[in-house]
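Good morning, and thank you for the time on the agenda.

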Amino acid sequence: MLLLEVKNLDIDYKTQEGTLKAISDVSFTLRQGESVGFVGESGCGKTTLAKSIMKLLPKNGSISKGEIIFKGEDLVKKSKEEIRRIRHLKIAMVSQSAMNSLNPVYTVGDQIIEGILAHTNMSKKEAAKRAEEVFSIIGLEGKRLKSYPHQMSGGMKQRAIIAMALSLNPDLIIADEPTTALDVVVQDRILREILSIQKQMNSSMIFITHDISVVSEICDTIIVMYGGKIMEKASTKIFFKKPLHPYSLGLKNAFPSILDIGEELISIPGTPPNLMKNLSGCRFVERCPFRTTLCQSEMPVLREAGEDHLVACHYIDKHEAFTEAAELRETWEAVRSRIIQEKEEGA
Amino acid sequence: MLGFIMKRIFTMVIMILLVSTMIFFLFRTMPGDPTAFIVDPSIPKEARDQLLERYGLNDSLWKQYTIFLKDLVRLDFGNSFFYGRPVTVIIKDLIPATLILMFTAMLFAYIIGILGGAWMAWKRGTKLESFGITISLIFRSAPSFWVGLMMILIFAVRLKWFPGQGMRTSGYTGETFREIFLTLDFLKHLILPSIVAGLYFVATPLLIMRNSMLEVLSEDYIEMAHAKGLKESKILYRHAARNALLPVITAGALFIGSAMGGLVLIEYVFSWPGLGREIQRAVVRHDYPLAQGAFIIIASLVMFMNLVADVLYVILDPRISYK
Amino acid sequence: MSKTVVSTSIKSFFTSKKNSQGFFPVFINNLKRDKLALIGVILLIFFIGVGIFADFIAPYEPRERHYNEEGKIRRLEAPSKDHWFGTTDVGRDIFSQVVLGTKTALTVGILAALLVTLVGATVGIIAGYSGGVVDAVLMRIVDFFYAIPFIPFVIILSAVLKPSIWNIILAVSLLSWRTVARLVRSQVLSIAKRPFIKAAKVAGASHSRIMVKYILPNVIPLILLEMAFMVNFAIMAEASIAFLGFGDPQKPSWGQILHINFVTGNSRSAWWWTATPGLAIVLLLLSIFFITRALEEVVDPRLRRR
Amino acid sequence: MDTMPLIQIENLKKYYLVNNGIKDIFSKEKKYVKAIDDISLIIKKGEILGLAGESGSGKTTTGEILVRLQEPSDGNIIFDGHVFKANSKIEEKKFRKEVQMIFQDPYETLNPRFNIFDTIAEPLKIHGVKNRQDIYDRVIKALEIAELKPAEHYITRYPHELSGGQRQRVAIARGIVLEPKFLVADEPVSMLDVSIRADILNLLKNLRKKMGLTMLYVSHDLSTIKYLCDRIAIMYLGKIVEIGNVKDVIDNPQHPYTKVLLSSVPVADPDYKRQSIIIEDEVPDQIHLPEGCRFGPRCPYSTEDCKNFDHTLFERRTDQWSACIYNEEELRK
C-alpha cells in the first residue's frame, strides 16, 4: 500500500537576489514499512524536501507546484490546523541538529509529554508512562526523563529525540542527518536501534544523509538528488552493485571506504549548479563527462532502467560504456580541463 | 543556590565599599577647602574646629579614611547641613517613595516591553512591526524630564485629570507607612510620574525582547516544537518567549543603573520627595553629607537590584549551575 | 602573461581594496531599502547643517531682550513671525536659543562618543583577545563602572568640578566606555575563536597585528553602531545635566532652556517654551536611531533579509 | 624515504584546570581535564601520520600543540633537531615558518575581509617578504600548487564568493606559501561534500610528493586516514592506545578499542556484513577518569587486571604497538 506519494513537486525560495528553485519536478512514492534514503551534496534539496512534507519550510519558501499525497490526502491543500494535527501523530521528525533540538529550559521528559498531550486525550500521568516506555525502547533509563538537555551527552540527546518521535507510533518518520554530529561508535549503535525499531513498528522512514554508506546499511531504497532533482532511484541492493547515472558513478569513485585496497580516489570536478539561474538542461551537465548538446538543452526525465531502478539520463542505453569510462581518471580530468577552459574564456 | 547568593552578596559589599571609597576620595580632591564637604563652612570657628577634630580632618588622609569606613559600616553619614538632622534619618524617609515609583514604573515597563517585544518579533516584517519600532524609538529619543513636563502641561494643567506634583495633596499629613502610601490620594499622584518613568524604561526591554525573540525563533527547538504539532500560542509563549526572556533579564540588570538616573530627573520634575530629588537639592544647597549619603544609598540600591536580577536569571535558566 | 602586464596588475592588488561584503556598500544598500533610515540621514544632515551654521541662522543674540513698539518687554509671547518659537519670561528669542543649542548638543554628542568608543573599543579588544588575568581585571573594572548610577554620579561630580561642557564630556566618557567595552569584548571573544585567527597565529602574526588587521576590521561595524548610540546617550546626558541646573552657563543648550523654563515655573503655561527644545532633542536622537537600524543589519547579519 | 624523525614528542601532557565555582577556591584538591596525558610519538621526515579518535580523545589538542597554538603543560617537542620544552619561546618566528596548519571549517578559516591575494600574501608579509613582484609570484605559485587554476581568476575574489572546496584550497595555498616542512591538517575534508573530498585528499598526497612535506592528519574518519596516511595513531581519552602502519592497524587491529572503532564504520556495500562489537556508548568524563586502562569500563574483554594496568605500549606485531595487556590470542579467548 502506498503511504506517501509526492507528485511533480516544485519548491521555491524567495531571496533578495531572486527566486531559488530548491526543488523542481520531484516525484517519488513510499510504501508502508519502506525506508528510503535521500543522498546528495549540500544544497541539493534533500532537507527542503523533507521539511516540505511536514510543511515546515521557512517563511520565504513555498510549494509552488505539485502534490504531497499522504494516506490518500493531499497535504499541500490542508489548512494549518489540519497539518498541525498530522505532525508528530502521523509524521514525526528526527531533526538534523539534535544537539539543539531540545529546549534547554525544560526537562527532556516534559518535552516528550508535551508532544503526547498535544495530540491525545491522555492524562499527564499516562503520558509520562508512555514517555518512560519509549525511553526504555531506545535504551535510556526512565530517570533520565527528569534531566535537562545540558545534563545529557550527545548520544543521549539524540536518543531522546528519537524516543520523542516514536512516542505516538507515527506512520512515517523523517530523519534528517540524525547521526552526523555523533562519534562513529555512538552513531553505529543508534543507527542499529533506529533500524530495528522501524522494522518492529513497521513504520516508513525517510532518511536524509550525505553519507552514502549509512544508506546502504539501513535503507531499502536510495534516491540520489542533485541540483533540486532526482537523478537516480533504486533499491539499495541494486544501486550499490550497479549505479547508472554518471553522477552516481562519479560518487562511487570519490568515496573512500575502509575496505579499499589503495585504488586512487577520483572526485567530480566542478561545483553544483546555481539554482537561482533558469536551468533548462540536465542539472549535472557542467560536471558530466558524457554530455552532449541534447543534455544542455533538455532535462531528461526519470525513466525505468531496470527492475526497481529509475534514472534521469538521456543515455541510459550507453550505461555500460559509461561505467567503464567512469573508472578512468582521464575521463574526469577531461572535465576539469573543460571547466578551467570555460573559466578562462569567461574571464 | 545559597552559596551563589552568598557569593553575590560578598561581591556586592566589596562593590559598595569601592564606590564609597571613590566618593570619599572624589570629595578630597575638591578644589578649595577640602573640609567643606563635611563641616559646614558657615558655622562659627570654634564649633568648626571641634567638628574638624571629631571627623579627624586634621589627621592624615589614611586616618580620615578609616574613620569614614567605620562610620560607613555604622551607616553614619554625619549631619545634614541644611536640615541639621542625621543624614541616615532623612534618607530613611525618602527610600520608600523612590522604591514605590521605581517598582511601579519597572513593572509597567517590563510587562508592556516583554509582551510587546514578543509580539513585534512574531509580526516580523509587517507594517505593524515598523510602527511599533518607530513608536518605541520615539520614546527612547524623548528625554524623560521633557515628557514629564509635557505630561504635566497636558494632563495636570490643561485637562486637570491628575495632580502634577508631589506625592500627596498639600495639607494632608500622614505619619505611618499606611497613612502615607496606601491612600487613593497617593495613587493619583503616582500615576503621572510612573507612566513617564515607565515610558522611559519601556524601550529597553521591548527592543531587547524583540531581538532576542527573533534569535530564539530561528533556533532548532522551535522548529522541533512545530514538528511536534504544538499550537502556535504554545510555541510562542512556552518555548520562544520563555527562552527569549533570559537576555532581557541580563540587560535589565545592566539597565537598572541608568534607570535610577532617569528616576532622579522624573522625581525632580514631579517634585517627588524621593532620593533623586533630594540629591539634586543637596548639591545645589552644598549639603555635602546628605549628597554623599544619598549617593551611596542609591548606588547600593542599584547593586541590590542587580543581585535580584542575577538570582532571577539563575532560577530561570537551568543551565547555570550555582554550586 | 608578459612581465609588464603582471606588474601593472600587481599594483592593483596592493592598492585596490574593493570589498563587496564591506561595510559601506551594505549600509548604503540598506539605506535604499529602509525609508526610515533615509529620513534619518536627511534629518541628521539638516541638524549638522544647523549646528555648523548656528551663528548665521540664529536671528538674534540668545540673551538679547526684545521689546515691542510700546517699549515693553515681549514677555512670554506665543510663536509669531518675529519669534518663531515665541519668547521667554524675560523676552528672549527661543528660536535663537534652540538653534545655538544644536551646536552644543552636537559638540558634546560627537566628542563624547569619540572618546567613549576609543577607550571602550580598545579595552574591549584587549580584554577579549588577551583573556586570562588581563581580561578578568578589565572586566571587574567594567563591573565597577556599571555599579555607579550615572545621573547621581554626574550630580556629585558637578559639586566637585566646575560646570562646563568639557566636564560633562569627561563625565559621560568616564561612565559609558564600559558599555562599549563589554559589547566589543563579547564580539571579540567570538571572533578570536574563529579559525582564521588561529591561522594567523600559525602564520606567525604578532598579537598587535592580529588585533589591528584581523579583529578590528571585524568589529568596526559594531563600534560604529555603538558610537551612534553613544552620540545619542551623550546628547541626552548633557540635556539632563543642564536641565538639573548643572550645565555650562556659558553655552546655550536645550537642557538649559528647559531648566530655566522649569525653575521659573513657566513650564506649566508657556507650552512653546517647553515644547520646542524637547522636540529638537527628540528629532535629533530619532534621526540617529533611524540610521542605526540600517547599521544594525550590517552588524548582525541574522537581522538581514527576512 | 628519509627515515630521520622530523618531529619527536616526548611525554607530552596538556591539562586544563577545571574551575567549578567558589567552593573550589577553598578546597585543596585541584581538578584537571587531562586532554593529553603523557603521549610520545615520532613523525618521520616525509611521512603522513594519521591521528584518529572520537571527540574528547585529545587529537585536535595534539595537533594544535604541534603548531604551538597551545602550550603543552609538560613534555618535550623535538622539531628537526631543536628541542622545544614546555613554555619556552625560543626561535618562535623561525619555527612558525616551518610549521603550518589547515583547519576543519572552510567557511571560518579565511578572514572574510581579506581577498584571496591578501590571504595568501599575509604569511609572506608577516615573515618580512617586501618585494611586491616576489610576493605576487609566490602567491600565484601557491595557488597553482593548490590547483586553483587559473590563479589570476581567484586572487581578487573574496572568500564568500568561493565554494567550500575552493576555500579549503585557498587555506592550503596559504599553508604552503612559506614552504613549510610540516603541516598539520585537522579534519580538512569533514565539512566538504563527498564529491570533492577526494580532490583535497589527492592534493595533500601530492604536496608530500612535490614539496617533501611531512604531515599530521587529524581525523575521526578512518577511511580517509587509510587512504592518505602511512602510519596511524589511535587516541582514547588523552592516551595513544595503538600505533602502527595504517594497513596493519586497520586490517589487524590489536587494541580492543581499535577493533570497536573499525567495526563501527558503515560500509557502502549492502551485502557486506560487518562483525560488530556492541559496547556502552557513554565515554567516561575527562575529569573522573577510570583507574587502570581508560577503556576498561567499556571494553568487552576487560578483566580485574585491567584496573591495575599502568599505560604502556606493547609491540604486538612488527612496528605495531598496542596499549592492551592482552595480545591477540589472549583476546580471542
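Let me begin with a definition: a polar contact is a pair of N or O atoms within 3.5 Å, where, within protein, one atom must be able to donate a hydrogen and the other to accept it. Please also bear in mind that this is a predicted model.

With that term in hand, consider the beginning of helix α4 in chain D. Which residue caps the N-terminal end of α4(D)? The cap is D:N115, with a side-chain oxygen placed 3.2 Å from the backbone nitrogen of D:F117. The helix itself spans residues 116–126 of chain D and is mostly covered, with 10 of its 11 residues buried. Among the buried residues are the charged pair D:D118 and D:E122, together with D:I116, D:F117, D:I120 and D:L124. Just after α4(D), D:G128 adopts a positive phi of about 80 degrees.

I turn now to the contact that chain D makes with chain A. Here 45 residues of chain D meet 47 residues of chain A. Between them the two chains bury about 4000 Å², and 57% of that area lies on carbon and sulfur atoms. Several helices of chain D each supply at least two residues of the side that touches chain A, namely α6 (151–154), α7 (164–176), α8 (194–211), α9 (222–228) and α11 (256–264). The largest share, eight residues, comes from α8(D). Sorted by class, this side of chain D has 20 nonpolar, 11 polar and 14 charged residues. As for salt bridges, the count between chain D and chain A is four. In one salt bridge, the side chains of D:R274 and A:D188 meet at 3.0 Å, N to O.

How many residues of chain B are in contact with chain C? There are 52, and they are in contact with 49 residues of chain C. The area buried here is about 4600 Å², with carbon and sulfur atoms giving 78%. Across this interface the rule finds zero salt bridges, and three residue pairs are in polar contact, both at pLDDT 80 or more. On the side of chain B that touches chain C, helices supplying at least two residues each include α1 (2–28), α8 (184–217) and α12 (288–316). By class, that side of chain B has 37 nonpolar, 11 polar and four charged residues.

B:L236 is located in helix α10, residues 232–269. Is B:L236 buried or exposed? B:L236 counts as buried because its relative accessible area is 8%, and buried means under 20%. Leaving aside residues up to four places away in sequence, B:L236 touches B:W122, B:M213 and B:A241. B:L236 and B:A118 are 118 residues apart in sequence, while their C-alpha atoms are 8.1 Å apart in space.

Finally, chain C as a whole. Chain C has 12 helices and zero strands. Its C-alpha atoms fill a box of roughly 90 × 50 × 40 Å along the principal axes. Of its 306 residues, 58% count as buried. Among contacts in chain C with a separation of 6 or more, 70% join residues 24 or more positions apart. The accessible surface of chain C comes to about 13300 Å², with 66% belonging to carbon and sulfur atoms.

Key
Residues are numbered from 1 along each chain as its sequence is written. Chains are lettered from A and ligands numbered from 1 in the order in which they are written. Side-chain values use heavy atoms; hydrogens and water are left out. Contact means heavy atoms within 4.5 Å. Buried area is the accessible area (1.4 Å probe) that two parts lose on being put together, summed over both. Helices (H or I, at least four residues) and strands (E, at least two) are DSSP runs, numbered from the N terminus. Buried means under 20% relative accessible area, exposed over 50%, partly exposed in between (1.4 Å probe, protein chains only). Accessible areas come from the Shrake-Rupley method with a 1.4 Å probe; for residues, only the protein chains shown count as cover.
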